[in-house]
Structures are given as structure tokens and as C-alpha cells.
Amino acid sequence: MRAAVLWSQGDPLSVEEVELSPPGPGEVLVEVKAAGVCHSDLHPARGDWKMRTPVVLGHEGAGIVREIGAGVTALEPGDHVVFCWTPSCGQCPSCADHRPVLCDRLDQTTYRNKLPSGESRMRARDQALAPFLSTACFAQQTVVAQEGAVRVSRDVPFDVLASLGCAVLTGMGAVTNAAKVPAGATVVVIGAGGVGLNVVQGAVMAGSARVIAVDPQPAALALATTFGATDVVPSGDAAVATIRELTRGRGADFVFDTVGAPATIADALASSKKGGTVIVTGLSRTDAQASVSMFPFVMQEKTLIGSVYGSGQPARDIPRLVAQFQSGALKLKELVARRYRLDDINDALDALAAGTGARGVILM
Ligand SMILES: NC(=O)c1ccc[n+]([C@@H]2O[C@H](COP(=O)([O-])OP(=O)(O)OC[C@H]3O[C@@H](n4cnc5c(N)ncnc54)[C@H](O)[C@@H]3O)[C@@H](O)[C@H]2O)c1
Ligand SMILES: [Zn+2]
Ligand SMILES: [Zn+2]
């Protein structure tokens, strides 16, 4: 089978023949049908996140289970699945606390680009290929842990399902699980890309009075409007002042920073009201540090929270999001702006880097 291999960070991916071993105990082999290209694939490709290579990237996607390993009970061949890049153990203190996205096993395996078994099932040029985030779905087939694939309804197209496994879950979950935005709130969303557009639609579905999107790209702001943003603000020096004007000088109830750069976190805090909350989902370079202006942070009782992968329970939330799409409440088709063949994966990464907007999806 063919996969896109990153041999050296900073170089283009190489689409080539890769050997795939059968699934081990508790693992399943999935024929990948579609994979979204997320900024968390671009960070390692470009070298923002240092990691050992060779690695097969891709963590947002959907496909069909073709083989199951010994002891697999959750899935059967033929099941349609969305990948989940937090394959949790179900037993550690975080899992017991119903916070599977904080599972201790992820630190030992997934975030070191191994399967939960510690293995890699892909090889090329006589070397083991690390499966990025235990998923490695920039490939025609992949082997994942059974916890790394969530069964979904069979009547939803795969290109639509692909981005559900990261951008949609992360953005929607930040609104519903992390911030718990109540009806009538004023919400700012910094960055209107894959994750940000889903924060916009989550905030709209929560009944927000005002949803203000901030982005340097006019195309991203135009899309944000179609997702229900009531106001759009070009990012830049005047953005915070404009947000303050739009919120009668008070600032917003909730500010989502989907970019996660030191400068955007500072702007997010400055754009939030007294007693307001800033939720950061964006991820910078691994060595980035942000500074907080202490006096207003304390005196105005602000809250700053991080949110990973929607802060909920992916095995529960992914099928719920699919049901929301089927009922017409959730926009998914509109997120798929560009479709590529696996061979053109580097074009998809370049388009993401250029801020072309929404999602590019690889069709296997
Ligand atoms: N927390 C999580 O679980 C999680 C999940 C997925 C992605 N991420 C991270 O979230 C970030 C966004 O991912 P994405 O796939 O949505 O990326 P994306 O490239 O689709 O979107 C980013 C958007 O931010 C805009 N932007 C860039 N600089 C800006 C600025 N200074 N102010 C306002 N907008 C700006 C871009 O124009 C683009 O529209 C990445 O860092 C990614 O690694 C985190
Ligand atoms: Zn992602
Ligand atoms: Zn666990």
C-alpha cells in the first residue's frame, strides 16, 4: 500500500510503497477513505514540533475496518469509523475521572508516535515508520488501536467525515465541553481556519448573541460569516480596539484562541471582559512561551483554560456530531474546500500554510 512518509522535518513528504503488518492484539486495520489536513500535521512537517523521523503523518480521517486483531470487541470488519487520536486506556486516573483526552497512556505512546501497544506496523526502506498520534492516516491503510477508531453511521460520505476526527471535535468541544458557552453570550474566535470555523458554528448553535471572528485572511472571514459569525475583524494592531467597540467597551464573555501564538493569547486576554474566559486550542512551537499581563488578569478575575481535542469523550462525542450533521444542525460539507489525491499531499500542506481557508481533504 502507499503512504506519505516524512523522512526529514522540513522536507516534502514522500508518497511511496509501505509495508503494513497485520493488526496485533486489540488493533484493527482500516482502509483509509479520506483524511483532512490539519495544522497539527503542518507543525511536524515544517519542524515546529521536533520529532523522530521517519513518521507517517495524518490524524484526522475516516475509513472502513478491514481486519481485526485478537481480542477486538468494539469493532467488526465493514464498520465505518472516524479516527480518534486520543486512544485512551480506560483505567488510569484521568480515564477514571472521565477525561479520556488526558489519559496517561497517551504521554507514553501516542504523543511519542507509537501505537498504544508501543509498536509501529508500517515499514519502508528497511525502517520502522512512526505512526503520528497513533493514527498515521496519510496512507491507503493503517493499523490503529480499537480505541483509536470510533464506529459511525454508514450513510455519511467519507470526505465529510474526515474533518470530524479533529477540527470539528476540537472546535465544537471547546465550546460545549471546555467553555460551556450559555445562550446569549458574546464570543470572539481568533483564527477562522479548520478549528476556528467549528468554534464559530458551536457558538452559533449555543445561541450566542454575537460571534466575532478574527483572521488576517479575507477568505477565512467570508467563510466565518457563512458559518454564522455576526461580525468579522481583520487581525492586526487595531483588532482588540475593534472588538472592544463591538462589545460596548466591555470585552467578550468568551474568547477562543485557535491560533495559540504568544501574541494571540495576549490579544485574547485583552479582548475578554471582566470575569471573562479565554479558551486556548491553538498550538505553537513546542518551546513557545507567552506572557500574561498580571494586573488586569487578577484584578479583572479572568479565566484562562487550555482545551485539547474538544475536552470531552471522543467515543461519545463523535457519533453525536455525526447525528447532528444528519439532522442538518452541523455544517460539515462546507468545511471541505479542496480535494486532493494522496500523491498531491504536499500541495495540500502548502495550501494550508498559505491560509487558503477551511479544510483540504485527501481522498485515498
Ligand atoms: N487543541 C487541540 O486539540 C488542537 C486540535 C487541532 C488543531 N490544533 C492546533 O490549532 C491550531 C489551528 O489549527 P487549524 O487546523 O484550525 O489551522 P488552520 O491553518 O486551518 O487555521 C488557522 C487560522 O488562523 C489564522 N491566523 C493565523 N495567524 C493569525 C493571527 N495572528 N490572528 C488571527 N488569525 C490568525 C489563519 O489565517 C487561519 O485561518 C494549530 O496550531 C493546530 O496545531 C489544536
Ligand atoms: Zn488536528
Ligand atoms: Zn487512561
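## Salt bridge exercises

R125 is exposed, its relative accessible area being 53%. Keep that in mind as you work through this predicted model.

**Exercise 1.** Find out which residue forms a salt bridge with R125, and where the two partners sit.

*Solution.* Start with the contact: R125 pairs with E16, and their closest N and O atoms are 2.7 Å apart. E16 belongs to strand β2 (residues 14-17), while R125 lies in the loop between β8 (122-124) and β9 (127-131).

**Exercise 2.** Decide whether E16 is buried or exposed.

*Solution.* Look up its relative accessibility, which is 13%. Buried means under 20%, so E16 counts as buried.

**Exercise 3.** Work out how R210 and D231 are paired, and how accessible each of them is.

*Solution.* First the contact: R210 and D231 form a salt bridge with closest N and O atoms 2.9 Å apart. Then the location: R210 is in strand β13 (residues 210-215) and D231 in strand β14 (residues 231-234), 21 residues apart. Last, accessibility: R210 comes out partly exposed at 29%, whereas D231 is buried at 15%.

**Exercise 4.** Name the residues that are joined into one network with R341.

*Solution.* Begin with R341 and D344, a salt bridge whose closest N and O atoms are 3.3 Å apart. D344 is partly exposed, at 24% relative accessibility. Now follow the shared partners: R2, R341, D343 and D344 make up one network.

How values were computed:
Residues are numbered from 1 along each chain as its sequence is written. Chains are lettered from A and ligands numbered from 1 in the order in which they are written. This is a predicted model: local features need pLDDT of at least 70, side-chain atom pairs count only at pLDDT 80 or more; totals for chains, interfaces and linings use all residues. Side-chain values use heavy atoms; hydrogens and water are left out. A salt bridge is a side-chain nitrogen of Lys or Arg within 4 Å of a carboxyl oxygen of Asp or Glu. Helices (H or I, at least four residues) and strands (E, at least two) are DSSP runs, numbered from the N terminus. Buried means under 20% relative accessible area, exposed over 50%, partly exposed in between (1.4 Å probe, protein chains only).
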